[in-house]
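Me: I have a two-chain model open and would like to go through it with you. Could we start with where the chains touch and then move on to sheets and helices?

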Amino acid sequence: MKKLVMIGNGMAGVRAIEEILKVAPDKYTITIFGQEPYPNYNRIKLSNILQGDTNFEDIIINPLEWYQENQIQLYTGETVVKIDREAKHVISDQGREVDYDELIIATGSNSFILPIPGADKIGVTGFRDIKDCEMMIKSSKQYKKAVVIGGGLLGLEAARGLLNLGMKVDVVHLMPHLMERQLDPIASSLLKGELESQGMNFLMEKETVEILGDEHVTGLRFKDGSEVETDLVVMAIGIKANTAVAKDSGIYVNRGIVVNDFMETSEPHIYAVGECAEHREIVYGLVAPLYEQGKVLANRIAGIVGEAYEGSVTGTQLKVAGVDLFSAGEIFEDGTTKSIMIYNEYDGVYKRVLTRNDLIVGIVLYGDTTDSTRLYRLLTKKEDISGVAIFQTACSGESSSDDIASMPDDELVCGCNGVTKGAIVEAIQAQGLTTLDQVSHCTNAGRSCGRCKPMVSNILAHTLGDQFDATAAQKTSICGCTTVSREELVAEIKVKGLTSVKEVMNVLDWNNEEGCTKCRPAINYYLGMIYMDEYKDDRDSRLVNEKMHANIQKDGTYSVVPRMYGGVTTAADLKKIAEIAEKYAVPLVKLTGGQRIGLFGVKKEDLPSMWEELDMPSGYAYGKTLRTVKTCVGAQFCRYGTQDSMALGIELEKKFERLDTPHKVKMGVSACPRNCSEAGIKDIGFVGIDGGWEIYVAGNGGVDLRPGDLLCTVKTQEEVMEMTGAYLQYYRETANYLERTSKWVERVGLEHVKEVLANEQTRKDLNERMDLTLKKYIEPWNEAIQNEEIQDKYYAKHTITSGSESK
Amino acid sequence: MIETITRIPVAHYANLKERAGYSIKIDDKEIALFKLSSGEVYALENRSPHPKGGVLSEGLVSGRFVYCPVYDWKISLVDGMVQAPDEGQVRTYSVERKEDILFIVL
């Protein structure tokens with residue numbers, strides 16, 4: 001296989017790789033270098049993160065598993081500093097050399113930072129990546145006042161986000177009108193009025209000449225001599241193609257890396273795509289053209305003779321601080337244009353279409369963008385508009401459905417992902433889709449910026465006709481087998497008294513009779529949660545690890561992790577583990593992250609006898625359950641310890657072990673605030689203080705790194721147990737299956753949880769249900785050893801030599 | 001040329017549980033045997049076509065499909081085809097039943 005290397009791990013580049021995998025799946029071994037320490041995420045949604053509408057995990061487009069599944073070697077947090085064109089390899093800032101046959105440069109762009117005195121002070125940032133967002137969120141906790149330089153789309157989104165974070169925000173703009181490249185003066189003054197009413201303050205026609213302050217920014221000075229105070233400066237003036245590595249390596253660079261119609265740079269075998277590339281003197285910054293470029297590039301690299309890239313006409317559908325905007329083509333009138341306008345100041349709606357010689361040449365829509373797709377089609381297809389009603393009257397009522405009917409099949413609905421109406425209709429009909437979620441999943445429509453979702457929903461309604469159920473279409477079903485959501489499922493189980501996984505799927509009309517790997521474990525969990533000790537677990541509805549009570553490894557072997565309460569063991573137990581590891585020739589013995597000993601690489605058929613010889617309970621290192629309670633040494637030995645952390649850890653683990661939870665639960669107990677057990681990043685963490693315990697919740701040390709929040713402080717170990725039981729049970733009863741406590745607390749709100757748990761009677765009831773549930777569990781390794789049927793069904797390997805009679 | 005068909009007895013039908021997979025080793029071949037809720041029995045090579053491999057016998061069985069336990073690919077038990085959006089095919093073996101004895105045809 002040939003070697004393909006890509007510098008850059010952003011939306012445009014990774015999309016190009018996806019296209020390459022589609023057209024030439026086995027042609028290249030692929031290596032990607034990304035400067036940021038993350039997989040590919042949706043940069044368009046950064047403003048949502050800032051505005052608190054979403055979190056980082058939700059905007060990841062390609063999770064790390066995607067890279068693994070496609071065997072892509074990904075180096076994150078690593079920058080390529082040199083391309084050696086002679087030797088055909090790249091060199092990273094960590095000294096790594098990787099050879100290539102073909103090289104893609106997809107380095108994107110950087111925030112343009114004004115070259116003025118003081119621009120390097122602490123408190124000055126761009127608005128371009130996760131790091132910038134985190135910096136702004138952090139500042140908002142410490143400071144009150146922010147200034148955004150730049151009254152374009154990016155600047156206004158940053159300003160809206162900072163307002164949401166509780167800061168006072170001034171927006172500085174050089175020009176007399178906001179967003180002057182997309183809006184005409186009328187639309188822009190409407191927008192300004194709206195934003196002012198939301199609390200933004202504008203400093204128009206101001207040119208910033210200096211950033212004031214010592215180390216940290218304290219204010220700005222403008223050209224007219226006036227000054228403004230601020231603690232945070234966000235520069236959102238524009239972007240600058242990131243061309244440094246290309247330029248240093250002798251590739252021809254103008255404003256961007258110059259490419260031809262096949263995305264080839266001046267050097268053979270080197271291509272550029274995305275915001276770093278300049279095509280016919282244009283550097284594009286919107287996602288749709290970049291995805292078009294990716295397609296052309298993929299064909300080129302796959303060796304397919306495909307269409308050339310001839311540039312894009314861009315229509316911009318935007319939402320700024322709750323206002324819908326659309327803009328395409330020319331903005332300003334000249335002597336040869338004629339305008340068609342609707343201006344409804346009362347409803348805040350303004351629409352203007354600019355025409356020349358019976359053709360539409362420009363569109364600006366403010367407040368109502370329902371006409372955008374139709375008008376944009378007239379613009380790009382250069383259709384004669386004489387006799388055409390430009391604006392649909394609002395009173396027709398069924399206009400949306402008519403619109404869909406008259407829409408040609410090849411019309412683009414999702415510009416980001418290049419999905420046409422025809423493709424959506426075909427997917428709905430061929431695959432029997434009924435919800436927006438399903439359509440997005442099957443076609444990619446609506447998965448990038450999300451603006452086309454209302455249109456996709458209309459198409460769904462039109463295609464399904466009478467069968468369309470509007471409320472059902474909007475909700476998130478638990479999987480593709482059903483349209484039922486989590487809340488409905490739980491309610492139906494209770495109301496109809498459904499008692500088994502099979503019955504649930506049957507009565508609730510699952511379209512896939514025996515379910516899938518998403519719904520079956522979920523239903524099994526909910527049934528166990530609802531019926532507590534009366535439910536008989538459906539072992540075959542659990543996924544491999546929980547079914548086998550061992551973690552499957554990628555070669556089909558398993559790992560064995562015995563329970564070691566609180567991470568405390570004995571010399572005798574260690575000897576036993578060592579002997580068994582030797583006897584079974586275990587390839588790897590390792591301490592796990594949760595203070596346990598893991599034996600890795602065990603054959604399935606050896607599991608029961610190993611368990612029997614170990615004679616220890618399962619450590620449940622594989623389950624959606626309490627994993628481990630990590631403890632520090634504590635008051636028994638440590639000179640700093642104020643509480644007996646080991647004793648509490650052991651009591652917690654003995655009480656809650658084996659409990660089914662929506663997702664895994666980890667705990668930590670520290671005897672003092674030095675917190676050696678890292679209790680601050682556990683689902684539940686306990687920190688001993690003089691005379692009591694602090695209980696922290698919703699911490700996470702994994703993908704979704706999050707410090708725990710203080711739930712409460714209690715005095716005694718009994719109170720710790722009572723509060724923990726109630727908290728865990730409330731999580732069990734209200735979280736979605738596979739929702740970690742960190743996500744759950746963010747969804748329902750810490751204050752809400754505190755309120756619920758403040759009531760003594762509620763805590764008592766929760767604990768009663770918890771105790772009833774805990775009664776049903778039996779030790780699974782021992783059960784397997786005792787039960788031949790289980791051994792035969794799950795752990796036997798039947799070896800047969802051909803010619804013999806039976807097994 | 002004479003073609004030889006080898007029938008290997010592998011299990012008693014009544015011993016197999018529904019919706020379960022069994023791993024069976026015949027010489028150097030590893031085969032996964034599945035009994036469905038309908039009572040049908042299918043045999044596949046016990047190896048996922050995923051580039052990183054993985055076994056199938058411990059996967060979740062739903063209708064005439066098994067989900068690969070390691071990477072969650074959905075695979076038809078009837079013809080071994082991997083279902084979209086993933087691609088590939090697993091080798092299948094025909095299974096014959098004489099009274100209670102199940103034979104795999106190699």
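**Where the chains meet**

Reply: This is a predicted model, and in it the contact between the chains takes 30 residues from chain B and 27 residues from chain A.

Me: Stepping back to chain B as a whole, how many helices and strands does its secondary structure come to?

Reply: The secondary structure of chain B comes to zero helices and nine strands, so that, by the DSSP runs used to define elements, the order from the N terminus on reads β-β-β-β-β-β-β-β-β.

Me: What share of chain B is buried?

Reply: Of the 106 residues in chain B, 40% are buried. On the contact side, among the contacts in chain B with a separation of 6 or more, 39% are accounted for by residues 24 or more positions apart.

Me: You mentioned E5(B) at the chain contact; which sheet has E5 in its order?

Reply: E5 of chain B belongs to an open sheet of three strands in the order E5-E6-E7, with antiparallel pairing. The edge strands are E5 and strand E7 (74-76) of chain B, each of which pairs on one side only. Neighbouring strands of this sheet are turned against each other by 30° on average, direction ignored.

Me: How many bridges join E5(B) to E6 of chain B?

Reply: Three bridges join E5(B) to strand E6 (residues 65-67) of chain B, and these strands run antiparallel. Within this pair, Ser62(B) stands opposite Phe65(B) in E6(B).

Me: Switching to chain A, what is the order of the open sheet that four strands form there?

Reply: The order is E28-E29-E31-E30 in chain A, and the pairing is antiparallel. Strand E28 (551-552) and strand E30 (588-591) of chain A are the edge strands, each pairing on one side only.

Me: How is E30(A) joined to E31 of chain A?

Reply: Four bridges join E30(A) to strand E31 (residues 597-602) of chain A, with the two running antiparallel. Leu588(A) stands opposite Phe600(A) in E31(A).

Me: Now helices. At what angle do H11 and H13 of chain A pack?

Reply: Helix H11 (residues 421-431) and helix H13 (residues 453-464) of chain A pack at an angle of about 50°, with their axes 10 Å apart. H11(A) and H13(A) are therefore oblique to each other, and H11(A) passes H13(A) in a right-handed crossing.

Me: Which residues meet there?

Reply: Lys421(A), Ile424(A), Val425(A), Ile428(A) and Gln429(A) in H11(A) meet Val456(A), Ile459(A), Leu460(A) and Thr463(A) in H13(A). By class, this contact has six nonpolar, two polar and one charged residues.

Me: And H15 with H17 of chain A, how do their axes cross?

Reply: The axes of helix H15 (residues 486-496) and helix H17 (residues 519-531) of chain A come within 11 Å and cross at roughly 50°, which makes H15(A) oblique to H17(A). H15(A) passes H17(A) in a right-handed crossing. The contact is made by Leu489(A), Val490(A), Ile493(A) and Lys494(A) of H15(A) together with Tyr526(A), Leu527(A) and Ile530(A) of H17(A). By class, the contact of H15(A) with H17(A) has six nonpolar, no polar and one charged residues.

Me: One more pair: is the crossing of H21(A) and H22(A) left-handed or right-handed?

Reply: The crossing of H21(A) and H22(A) is right-handed. The axes of helix H21 (residues 645-656) and helix H22 (residues 717-734) of chain A come within 11 Å and cross at roughly 35°. Among the residues that meet are Leu648(A) and Leu652(A) in H21(A) and Val720(A) and Met721(A) in H22(A). By class, the contact of H21(A) with H22(A) has six nonpolar, two polar and two charged residues.

Terms used: Residues are numbered from 1 along each chain as its sequence is written. Chains are lettered from A and ligands numbered from 1 in the order in which they are written. This is a predicted model: local features need pLDDT of at least 70, side-chain atom pairs count only at pLDDT 80 or more; totals for chains, interfaces and linings use all residues. A residue is buried if 20 or more other C-beta atoms lie within 10 Å of its own, exposed if 12 or fewer, and partly exposed in between; C-beta atoms are placed from the backbone. Two residues are in contact if their C-beta atoms, placed from the backbone, lie within 7 Å. Two strands pair if DSSP finds at least two bridges between them. Axes are lines fitted to C-alpha atoms, for helices over the stretch in contact, and angles run from 0 to 180 degrees between N-to-C directions. Angles under 35 degrees count as roughly parallel, over 145 as roughly antiparallel, 65 to 115 as roughly perpendicular and the rest as oblique. A crossing is left-handed if the near helix is turned anticlockwise from the far one by less than a right angle, and right-handed if clockwise. Ala, Val, Leu, Ile, Met, Phe, Trp, Tyr, Cys and Pro count as nonpolar, Asp, Glu, Lys and Arg as charged, and the others, Gly among them, as polar.
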